[in-house]
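Welcome! Here is a short briefing to read alongside the picture.

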Amino acid sequence: MDLTLKIWRQPNQKASGKMEDYKVSGIDGDMSFLEMMDILNEQLIEGGKDPVAFDHDCREGICGMCSMQINGEPHGPEKSTTTCQLHMRKFKDGDTIYIEPFRAKGFPVIKDLTVDRSAFDRIIQAGGYVSTNTSGNTLDANAIPVEKEKADLAFNAATCIGCGACVAACPNASAMLFVSAKVSQLALLPQGRVEAEERVQNMVKQMDLEEFGNCSNVGACSMECPKDISLDNIARMNREYMSATVSSRK
Ligand code: SF4
Ligand code: FES
């Protein structure tokens, strides 16, 4: 395949960016999207030009690093798929592909396609954990029975890889799907109930401090999520938050 790529180039956070055109040829349908980007970068380096900065790590759909807007969609056109697992067979010879960074106030551009998603880390630091007794009297993990249905829902929520596609897809740049998955994975389990009220309040407070927008029930977040995180998690987080707020006022 021969392709035209229109890529957002921005040297740093303060500089203004612009789309630039590139040509790549000999692209095989079995290559991943990131392998195609590697070929472009080899071409640029060989020509003495600055390669395109983009994030990646596992290239297996696990780490959530490969944030990229492809033809206007976070992670591109294939449902339930990260950019690193998107294959070039999804495109046709002669296609023009638009490649941009995830755009949100909470995700400032670092360079080209890389954005700073440390806001997500700060939200997790605000409460996305369970305090553990490490005194030597720690209980076996399986000593507390968990209903199968709840274990499955908690597991589904825990598949969120923190990629930020939900924020990029949302017209309000809301982080509600991400935060609700991280609240739910713990709120559904007995081990997570102990700190549940404090957790949801602290995580929502941090989410607001990071200037993510509010949820207005568009649903694009869940549609574009590579892990199919359900909107039910947002409803659960809202219930958890309401009940924690009422109980802390008593
Ligand atoms: S909810 Fe989905 S889109 Fe959002 S961070 Fe988690 S995996 Fe990515
Ligand atoms: S590089 Fe890890 S999920 Fe894509």
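Predicted model: local features only at pLDDT ≥ 70, side-chain atom pairs only at ≥ 80, totals over all residues.

What covers the buried residues of α7? The cover includes α2 (118–125), α5 (176–187) and α9 (232–249). Residues are numbered from 1 along each chain as its sequence is written, and chains are lettered from A and ligands numbered from 1 in the order in which they are written.

**The whole protein**

- The protein has 9 helices and 7 strands; helices (H or I, at least four residues) and strands (E, at least two) are DSSP runs, numbered from the N terminus.
- Along the principal axes, the C-alpha atoms fill a box of roughly 65 × 35 × 35 Å.
- Of the 250 residues, 37% are buried. A residue is called buried if 20 or more other C-beta atoms lie within 10 Å of its own, exposed if 12 or fewer, and partly exposed in between, with C-beta atoms placed from the backbone.
- Among contacts with a separation of 6 or more, 71% join residues 24 or more positions apart; two residues are in contact if their C-beta atoms, placed from the backbone, lie within 7 Å.

- Helix α7 covers residues 196–209, which is 14 residues. From first C-alpha to last it reaches 20 Å, close to the 20 Å expected at 1.5 Å a residue (the expected span is 1.5 Å times one less than the number of residues).
- Its buried residues are Arg199, Val200, Met203, Val204, Gln206 and Met207. Seen down the axis of α7, they fall within an arc of 160°, so they line one face of the helix; the arc is that of the directions from the helix axis to the C-beta atoms.
- Here is a handy rule: an α-helix has 3.6 residues a turn, so residues three or four places apart point the same way.
- After α7 comes Glu211, whose phi is positive, near 70°.
- In α2, the buried residues are Ala119, Phe120 and Ile123. They cover an arc of only 100° around the axis, which puts them on the same side of α2.
- These buried residues of α2 pack against α5 and α7.

**Where α3 meets α5**

- The axes of α3 (residues 148–158) and α5 come within 8 Å and cross at roughly 150°. Axes are lines fitted to C-alpha atoms, for helices over the stretch in contact, and angles run from 0 to 180 degrees between N-to-C directions.
- Ala154, Ala157 and Ala158 of α3 make the contact with Ala181, Ser184 and Gln185 of α5.

- Asp112 sits in the loop between β6 (109–111) and β7 (114–115). Asp112 is not a glycine, yet its phi is positive, about 45°, and it counts as buried with 23 C-beta neighbours inside 10 Å.
- Ala173 lies in the loop between α4 (165–169) and α5. Ala173 has a positive phi of about 50° although it is not a glycine, and is buried, with 20 other C-beta atoms within 10 Å.
- Lys90 is found in the loop between β4 (73–74) and β5 (96–100). With 14 C-beta neighbours inside 10 Å, Lys90 counts as partly exposed.
- Not counting residues up to four places away in sequence, Lys90 touches Pro77 and Glu78.
- From Lys90 to Met203 it is 113 residues in sequence and 38 Å in space, C-alpha to C-alpha.
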